[in-house]
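Have a look at this one with me before we talk. My notes are below, in the order I'd go through them.

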There are 2 protein chains.
Amino acid sequence: MTSEKKVNVGLVQMRCSEDKAVNMATALSRIESLAAQGAQIICLQELFLSRYFAATEDHACFRLASPVPGPDTEPLQASAAKHKVVLVASVFEKRAHGLYHNTAAVIDADGRMMGIYRKSHIPDDPGYYEKFYFAPGDTGYRVFKTRYASIGVLICWDQWYPEAARITSLMGAEILFYPTAIGWDVTASDETNSEQFDAWRTIQRGHAIANGVHVVAVNRTGQEGGQSFWGGSFVANPFGKLLYEAAHDEEALPVVTLDLASSDRYRTLWPFLRDRRIDTYSPMTARYLD
Amino acid sequence: MTSEKKVNVGLVQMRCSEDKAVNMATALSRIESLAAQGAQIICLQELFLSRYFAATEDHACFRLASPVPGPDTEPLQASAAKHKVVLVASVFEKRAHGLYHNTAAVIDADGRMMGIYRKSHIPDDPGYYEKFYFAPGDTGYRVFKTRYASIGVLICWDQWYPEAARITSLMGAEILFYPTAIGWDVTASDETNSEQFDAWRTIQRGHAIANGVHVVAVNRTGQEGGQSFWGGSFVANPFGKLLYEAAHDEEALPVVTLDLASSDRYRTLWPFLRDRRIDTYSPMTARYLD
């Protein structure tokens, strides 16, 4: 087994302003700080360039979108090249007139746009009207062989689906990144909030365990209207153990060192991939089996 | 949404003797106790009729197996009828000369054998030489419409596979039962033990969350040779919250009340089933995607 393969990941858990330019400036400044601390792969939270606009259905919000690559990713490409960091950036993509996606761009450490992943699972719930804004992604699941690691990127609601984590891991991802925007209804009880946060963290730790990969979840923080985004960004090792966890109500800017060789150790001791009964999994593509 | 559908589940976490007759008598006595406490569906631990024989590869151990239905399940059928309880019983099945399975029998509350599930995922690791004993199951995943609930049964190593939980849930399971025999190497550190137990619990709580079903895991306890079976049987609600958890090193005999209507509430508030991207899941049947 490989003895060690260290990589430093940086997480940007931030509050967002209503001004895209301010959010971009904040993000660029955080990237610079993380790079100075030794971060090699940096993940921004979901839709970091704006407030979480999907809290309402408003045609005016489509003006927040841009082509990818485009003006929302170009400054990030320059920053990636300058600081020699890989960036995972979640943006609002305008693909064509009337066709928009919730998209993550992956930029390599030389500033090159490696490609995009478009969010596959689109929620639609009170305060999260994403089906109004985003067409379901058609990129399929993707792995990016960046300078420092092979990474998979999934986005927010994707995190509740073991299928997305499994397929991305089978494609060779060493780390699953989940840019996220999830929060508590400000009127809900502490008990409900605690249960929701714990479920969110637990299912993603489960993906780490099932697949023997590191999981990095990066969530926004701060109150926006009736939502209190719950922060709590975290990093789990390939057996689901928490290596880092952010506070709920503060910005956070950690650098966390992962040992990617630990996937080899855990997967050898717990050889789940060896024993998958792939001859029995075709019902996974059914909506329901009644 | 349905307002309430209560069911009482009983768990038998026990130590095993080397004598099958003693273990059967213990199990029958525990079933009687649980029924007296109001249990309606009772789950026994994996291979409760014997010590965990797969700790070594020994042809003599095949003598522990019996046909199903057969002498290992008939006393349970009588007990189920007498106490009007549903039983989930994990036994060592002799299917034909030289063909054995790790099998769970489900007996309805009138004593009728409803059917069997044969363990799909078979481990083989130091101390758990199951591939020597058990052919991989060919029943597929199964749901049993018992008198008190529609239940899915999966067995031990199956618990590490989100696919098994998903398919069984899509078939209509309201509760997933996991009879289990998992323990710590007596020479391992507390840190390793804690991480392993937590991973085991976390991934199964994740299945509850992903599928909006209750999960009931029933593990053995007691030291057998170099393995200290870790007990810790638990019940999780459809959002992964622990409703009950047993100690590691003691027998346990709890009755836990589940509200099956809570699946409807959680699945409506967190509509993961609505948004599955079934058009993207066909790679689930691949061994690896390199």
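1. Start with the largest nonpolar core, which has 123 residues. A nonpolar core here is a set of buried Ala, Val, Leu, Ile, Met, Phe, Trp, Tyr and Cys residues joined through side-chain atoms within 4.5 Å, and buried means under 20% relative accessible area, with exposed over 50% and partly exposed in between (1.4 Å probe, protein chains only). Among the residues with the most contacts inside this core are A:I151 and B:I151. Beyond four places in sequence, A:I151 is in contact (heavy atoms within 4.5 Å) with residues including A:I41, A:V86, A:I175 and A:F177.

2. A word on the basis: this is a predicted model, where local features need pLDDT of at least 70 and side-chain atom pairs count only at pLDDT 80 or more, while totals for chains, interfaces and linings use all residues. Residues are numbered from 1 along each chain as its sequence is written, chains are lettered from A and ligands numbered from 1 in the order in which they are written, and side-chain values use heavy atoms, leaving out hydrogens and water.

3. Now the place where the chains meet. Chain B and chain A each bring 59 residues to the contact. About 5,500 Å² is buried between them, 59% of it from carbon and sulfur atoms; buried area is the accessible area (1.4 Å probe) that two parts lose on being put together, summed over both.

4. How many salt bridges are there between chain B and chain A? The count is eleven, where a salt bridge is a side-chain nitrogen of Lys or Arg within 4 Å of a carboxyl oxygen of Asp or Glu. B:R274 and A:D125 meet in a salt bridge, at 4.0 Å from N to O.

5. Over all chains, the salt bridges come to 45. In one of them, the side chains of A:R95 and A:D138 are 2.9 Å apart, N to O. A:R95 is in strand β3 (residues 86–96) of chain A and A:D138 in the loop between α3 (130–133) and β6 (143–145), so the pair ties together parts 43 residues apart in sequence. Helices (H or I, at least four residues) and strands (E, at least two) are DSSP runs, numbered from the N terminus. A:R95 and A:D138 also belong to a salt-bridge network with A:E93 and A:R118.
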